Amino acid sequence: MSFLELEHVAKQFDSKTVVDDFSLAVRKGEFISFLGPSGCGKTTTLQMIAGFLEPSRGAIRLEGRDLTAVHPARRGLGVVFQSYALFPHMTVAENVAFGLEMRRVPRSQRAERVTAALAMVGLAGFEERYPRRMSGGQQQRVALARALVIQPSVLLLDEPLSNLDAKLREEMQIELRQIQRTLGTTTILVTHDQNEAMSLSDRIVVMSQGRIEQIGTPQETYERPASAFVSQFLGKTNDFAATIDRTATPARLVAGSWHAPAPATVAGPVTISLRPERISFADAGLAGKIVTRIFQGNHWLFQCETECGPALVVRQNDGKPQPAEGEAVRLAWRPEDMSVRPSGGIA
């Protein structure tokens with residue numbers, strides 16, 4: 001039995017469907033990210049799990065118990081909001097202890113658990129400080145400690161790192177994942193940041209227009225996108241029009257002057273999706289020309305014009321000479337590094 005289960009969950013506001021037929025089974029201790037653009041329904045789904053919104057239909061169960069009629073405060077869930085929602089008139093210790101007070105935890109236990117939670121997030125000694133005297137990163141840690149101190153069955157994170165600068169966000173991603181692994185707390189993160197989802201998650205739920213596009217590990221969703229949307233949303237990708245040549249023996253998949261044995265499962269016009277770092281420069285392959293060459297430290301970024309349209313190529317900086325702008329090149333890749341889908345369809 002799944003630890004947390006959403007079954008055919010939907011949410012409508014008047015005639016507008018915001019979440020449609022959302023089904024997901026979450027294992028105990030798993031870190032799941034809801035990933036998608038603004039308005040795709042990911043925060044609405046999180047709020048239904050938390051109990052802040054009631055589903056229009058479907059079921060949400062935690063360890064087999066239906067949560068639909070359970071008040072948010074009685075669900076035993078920890079929530080960290082994008083704004084952190086700290087009480088400005090309370091000290092750090094008072095903020096963290098608030099949930100314990102609501103649960104009538106004895107004062108002696110409260111103090112001990114608050115101290116442990118603050119130490120866990122690297123804020124030991126900050127008990128008497130007020131939020132207004134803390135940086136954004138420190139406030140984020142307080143909000144996380146407040147959510148964890150109640151020992152929640154599920155931790156819900158609504159874009160908690162979006163207000164931090166890039167360097168601090170990266171540091172907090174590492175800390176958050178270490179804390180989650182140490183505690184083993186089942187965690188659901190809402191984010192629009194692809195790198196964040198791939199860095200933190202055991203599995204990613206990619207959403208678009210209220211529906212699930214794909215569920216999979218970060219590597220699965222990146223390497224084998226199930227749709228054109230996932231391919232384009234999860235990092236940079238190249239889409240090449242291709243055809244199946246059945247006159248050849250064996251049948252060939254052809255994109256311009258590049259070709260490989262055709263997969264048995266596809267026919268007709270298809271689209272090849274290929275990540276930039278999977279393409280190499282070779283003696284044979286798709287004919288093209290370097291339009292722009294950009295040095296980015298540990299790698300080179302090439303914009304190419306090819307027989308099949310524009311292409312983006314990323315090559316590691318290994319110290320070897322690289323093609324110059326204006327140079328004719330051939331692009332090649334391994335068939336196992338691409339995904340193939342019917343043109344306009346799903347792989």
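**Close-up views of a predicted model**

View 1. Residues are numbered from 1 along each chain as its sequence is written, and side-chain values use heavy atoms, with hydrogens and water left out. Helix H4 covers residues 136–148; helices (H or I, at least four residues) and strands (E, at least two) are DSSP runs, numbered from the N terminus. From its first C-alpha to its last, H4 reaches 18 Å, close to the 18 Å expected at 1.5 Å a residue, where the expected span is 1.5 Å times one less than the number of residues.

**View 2. The largest nonpolar core.** A nonpolar core is a set of buried Ala, Val, Leu, Ile, Met, Phe, Trp, Tyr and Cys residues joined through side-chain atoms within 4.5 Å. The largest one has 35 residues, and Val 96 and Leu 144 have the most contacts inside it. H2, H3, H4, E7 and H5 each supply at least two residues of this core, and the largest share, 6 residues, comes from H4. Leaving aside neighbours within four places in sequence, Val 96 is in contact (heavy atoms within 4.5 Å) with residues including Val 114, Leu 118, Val 142 and Ala 145.

**View 3. An open sheet of 4 strands.** The strands stand in the order E17-E16-E15-E18, and the pairing is antiparallel; two strands pair if DSSP finds at least two bridges between them. Strand E17 (309–316) and strand E18 (328–332) are at the edges with a single partner strand each, so one side of each has no neighbour in the sheet. Strand E16 (residues 299–306) is joined to E17 by 8 bridges, and Thr 306 stands opposite Gly 309 in E17.

**View 4. Strand E4 and its partners.** Strand E1 (residues 4–13) pairs with strand E4 (residues 57–62) in the antiparallel sense over 5 bridges. Ala 10 has Arg 57 in E4 as its bridge partner. E4 is also joined, by 2 bridges, to strand E5 (residues 65–66), and these two run antiparallel. In the hairpin of E4 and E5, with 2 residues between the strands, Glu 63 takes a positive phi near 50°.

Technical notes. This is a predicted model: local features need pLDDT of at least 70, side-chain atom pairs count only at pLDDT 80 or more; totals for chains, interfaces and linings use all residues. Buried means under 20% relative accessible area, exposed over 50%, partly exposed in between (1.4 Å probe, protein chains only).
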